[in-house]
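Open the model in your viewer and keep the selection tool at hand. This tour goes from strands to core to pocket.

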Amino acid sequence: NELANITLDSINLLDISEAPMLVILSSSFFTLHTFATSDLKQVSQTDLKVQSKSPFLPVNTLVDFLRVSGNSKSNEFVRTIYAQKDFIDGWTSTLEIIDVPIIGLVPAAPHVFDALAQQITEDIIVLIDIESLFTTLLIGTKFGKLTSYKVPFGSSLYISSDQNKS
């Protein structure tokens, strides 16, 4: 409710109540993993291999699937994006309270990766999302395979309170 009220105040102040809203969430809120389609018995949240890559308990996990074509028919992938259900439900509730036109609620990293993969000729692509307390590495191939890794440090490691050392 507090986030919704802050957002509503901002929307009213800026007079943008009719503008559609796209909420882009940091890659730190998601975990990505890509499976070869041949490795999965079924493309489903109940598949044991899919569940094994989730950092959350199965009852508190939302999984989104995207089929990605590799460089051949035998090399097809299923990209999975894992999110904590409670977190997404909180954002959904906030957006319902705000009641403005909604475009969506998305993680930005997979879309940035896909746009880069179409333009870059190298086989491996690395995206680094640095936040204050941790860093997310996204490593993938131009054929659509993408996996994320969380590293337990961020930009705060490089910030000094002593202005002479910065």
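Two strands count as paired if DSSP finds at least two bridges between them. This is a predicted model. Start by selecting strand β7, residues 135-141, and strand β8, residues 146-151. They run antiparallel, joined by six bridges. Click L138: its bridge partner in β8 is S148. Now look at the turn. Four residues lie between β7 and β8 in this hairpin, and G144 there has a positive phi of about 105°.

V126 has I139 as its bridge partner in β7. β6 and β7 also form a hairpin, with four residues between them.

Keep L138 selected and move to the core. Which residues have the most contacts inside the largest nonpolar core? They are M21, F30, I98, F113 and L138, in a core of 20 residues. Then select I98. Leaving out residues up to four places away in sequence, I98 touches A4, T7, L8, I11 and M21.

Last stop: the largest pocket, with about 300 Å³ of space. Select F30, D64, I81, L105 and P107, which lie nearest its centre among 17 lining residues. β3 gives the largest share of the lining, five residues. Colour the lining by class: 13 residues are nonpolar, one is polar and three are charged.

Terms used:
Residues are numbered from 1 along each chain as its sequence is written. This is a predicted model: local features need pLDDT of at least 70, side-chain atom pairs count only at pLDDT 80 or more; totals for chains, interfaces and linings use all residues. Side-chain values use heavy atoms; hydrogens and water are left out. A nonpolar core is a set of buried Ala, Val, Leu, Ile, Met, Phe, Trp, Tyr and Cys residues joined through side-chain atoms within 4.5 Å. Buried means under 20% relative accessible area, exposed over 50%, partly exposed in between (1.4 Å probe, protein chains only). Contact means heavy atoms within 4.5 Å. On a 1 Å grid over the protein atoms alone, a cavity is a set of points where a 1.4 Å probe fits but cannot get out, and a pocket is an open set with protein on both sides within 12 Å along at least five of seven lines; lining residues have an atom within 4 Å of a point. Grid points are joined across faces, edges and corners, and a volume is the space filled by probe spheres set on the points. Helices (H or I, at least four residues) and strands (E, at least two) are DSSP runs, numbered from the N terminus. Ala, Val, Leu, Ile, Met, Phe, Trp, Tyr, Cys and Pro count as nonpolar, Asp, Glu, Lys and Arg as charged, and the others, Gly among them, as polar.
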